[in-house]
Every structure is written in structure tokens, then in C-alpha cells.
Amino acid sequence: MPDPAQTPQSDGRALPGRGRTAVVTGASSGIGAATATRLAAEGFDVVVAARRVDRLTELAATIGARALPLDITDAGSVAAFAAALDRVDVLVNNAGGAFDANPVADADLDSWARTYEVNVLGTVRLTKALLPALRASGAGDVLFVSSTAGLVTYENGSSYTAAKHGVHALVGALRLEMVGEPLRVIEVAPGMVHTEEFSLNRLRSQEKADAVYRGVREPLVAEDVADCIAWALTRPHHVNVDLLVVRPRAQAAQHKVARES
């Protein structure tokens with residue numbers, strides 16, 4: 001029997017995701033929505049998950065996916081989500097965010113707690129819940145969308161950088177624990193990505209959010225990151241992309257960005 005993932009479309013192009021179910025969290029906007037769209041185009045059966053069900057439903061109808069509500073910070077929501085899935089081959093842990101830009105001296109501990117809950121604890125909660133299905137698939141993938149903020153610190157970003165360092169540590173530990181099993185553990189760490197909500201949620205001002213990208217020629221967009229995610233997931237399954245760092249050409253480091261006047 002031929003491998004369904006290698007069965008060609010009518011146009012002759014193989015669909016590497018055919019026969020595989022991919023869960024994408026944080027799929028109501030930005031990188032999550034772009035990733036779900038791209039994976040659906042690659043033939044995956046996509047399950048889009050987020051809190052904003054109205055947006056999910058619209059996206060699912062557009063790309064032919066299944067929409068399920070999910071709040072990764074709520075244990076009951078995660079349990080109900082996991083119970084609703086018949087199989088899981090791929091988990092894209094994309095849900096996360098930054099919620100302040102304070103220096104340590106002015107740290108808002110409620111914001112720190114929220115940042116950790118969404119980026120770290122919620123990610124662990126869902127990964128733990130879906131690991132049995134991922135392992136049972138015989139060729140599972142757990143992909144974490146982290147950030148270059150998980151590799152280097154910068155001023156006024158302590159809550160977010162600390163949380164993303166936590167995600168990076170989680171990825172490394174899980175990969176060590178899963179070695180020898182048919183499960184890949186992948187990390188994609190984007191740098192500057194211009195999406196509609198990330199900087200706005202963090203800075204709470206459209207003017208300040210726009211200033212982050214002002215003068216930057218061709219920052220990354222969500223589809224660029226989705227392209228990297230799809231590439232990593234569609235490599236032969238013995239190939240594990242441990243860490244893929246992706247930045248726009250204009251950004252050499254967190255603190256070194258070329259801006260046009």
C-alpha cells in the first residue's frame with residue numbers, strides 16, 4: 001500500500017501532510033493562523049485552537065480545518081480539547097505573548113505571572129495532555145514557536161525573555177527525554193515579526209506598536225514563519241530540526257536593527 005503522504009495531487013505535487021493531523025494553537029491570528037493555512041495547503045488535517053472561537057470558525061471554514069476552543073491556561077479546557085481529538089500527529093505550540101515592556105525595577109508581577117502562565121505553564125499543560133497521542137502516532141512532531149528572546153535578553157523585556165528562556169529549556173529537556181522514540185522535538189525561534197497584535201498587546205498603544213517596525217525594511221510577516229514551520233515539519237522523519245532561528249535581513253540581533261530614515 002502506498003504511503004498516503006506521498007500520494008500525488010491531481011497537479012502531480014506530493015502532499016507531505018496527507019493522512020496526518022496537525023494541531024495549531026493560538027490560531028486565531030498572526031503566526032498561528034498563517035501556519036494553519038500553510039499546513040492545510042500541505043495536506044494536513046488541521047485542528048485550529050484558540051480562545052476566540054468566532055475567528056477560529058471563520059478561519060476553519062476558509063481553509064477546511066476543524067475549529068476547537070482552547071484556553072491553555074485552564075486545565076479543564078485542555079482536558080476537554082484533548083478528549084475531542086481522535087489522533088494527533090503534529091502539535092504546533094504557538095500560543096503565547098508578551099504583555100508589558102517594564103524594566104525589572106518596575107516589574108508588574110501580575111504581568112509576569114500571566115506571561116509565564118501563557119508561554120510556559122500553558123505550553124507544558126497542553127504538551128503533556130497530547131504526548132500520549134503524539135507517541136501513539138508512531139511519527140509524532142512537537143514544534144514550539146519560541147523567540148529569539150529565549151536565546152538572549154534585552155532591556156525592558158525581562159518578563160517575556162525570562163518566559164521564552166523557559167520555553168527554550170522545556171524544548172531541550174523534552175528532546176532529551178524523548179530520544180529513541182519516534183517523536184521529533186522542534187523549535188522555531190523568530191526574531192522581528194510584524195503581526196497585527198503582538199506589539200499592540202505588549203505596548204497597549206497603536207502608535208508605540210507601529211514605532212517598533214518604523215523604518216525597518218521588510219520585517220518578517222507571519223507567513224514567513226509559517227513557511228519555516230512547514231519546512232521543518234515536512235522533512236523526512238529521521239531529520240530533526242532542533243533549533244531554527246529566523247530573522248529579517250534588517251535585524252542582525254535583538255538590539256541591532258537597520259532602519260531607513
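A crossing of two helices is called left-handed if the near helix is turned anticlockwise from the far one by less than a right angle, and right-handed if clockwise. In this protein the crossing of H4 and H5 is right-handed.

The model is a predicted one, in which local features need pLDDT of at least 70 and side-chain atom pairs count only at pLDDT 80 or more, while totals for chains, interfaces and linings use all residues. Residues are numbered from 1 along each chain as its sequence is written, and side-chain values use heavy atoms, with hydrogens and water left out.

The protein has eight helices and nine strands; these are DSSP runs numbered from the N terminus, helices being H or I of at least four residues and strands E of at least two. Its C-alpha atoms fill a box of roughly 60 × 40 × 40 Å along the principal axes. A compact globule of 261 residues would have a radius of gyration near 18 Å, and the protein agrees because its own value is 18 Å. That radius is taken over C-alpha atoms, and the globule rule is 2.2 Å times the number of residues to the power 0.38.

Next comes the sheet. Seven strands form an open sheet with parallel pairing, in the order S3-S2-S1-S4-S5-S6-S7. Its edge strands, S3 (66-69) and S7 (243-246), each pair on one side only; two strands pair if DSSP finds at least two bridges between them. Neighbouring strands are turned by 15° against each other on average, direction ignored. Within the sheet, S5 (residues 140-145) and S6 (residues 183-190) pair in the parallel sense over six bridges. Val142 has Val185 in S6 as its bridge partner.

H1 lies across S1 (21-25), S2 (45-50) and S4 (90-93), and runs at about 165° to S1. Helix H3 (residues 75-83) packs on the sheet as well, touching S1, S2 and S3, and its direction makes about 155° with that of S3. Contact here means heavy atoms within 4.5 Å. Axes are lines fitted to C-alpha atoms, for helices over the stretch in contact, and angles run from 0 to 180 degrees between N-to-C directions.

Helices also pack on each other. The axes of H4 (residues 109-136) and H5 (residues 158-178) come within 8 Å and cross at roughly 20°, which means that H4 is roughly parallel to H5. Angles under 35 degrees count as roughly parallel, over 145 as roughly antiparallel, 65 to 115 as roughly perpendicular and the rest as oblique. Among the residues in this contact are Trp112, Tyr116 and Leu131 of H4, and Tyr160, Val167 and Met178 of H5. The contact divides into twelve nonpolar, six polar and two charged residues. Here Ala, Val, Leu, Ile, Met, Phe, Trp, Tyr, Cys and Pro count as nonpolar, Asp, Glu, Lys and Arg as charged, and the others, Gly among them, as polar.

H4 also meets H3. Their axes come within 10 Å and cross at roughly 30°, so H3 is roughly parallel to H4. This crossing is right-handed. Ala75, Val78, Phe81 and Ala82 in H3 meet Arg125, Leu126, Ala129 and Leu130 in H4, a set with seven nonpolar residues, no polar ones and one charged.

The last pair is H1 (residues 30-41) and H8 (residues 222-233), whose axes come within 8 Å and cross at roughly 50°. H1 is therefore oblique to H8, and their crossing is right-handed. The contact includes Ile31, Arg38 and Leu39 from H1, and Glu223, Asp227 and Leu233 from H8. Its residues divide into nine nonpolar, two polar and three charged.
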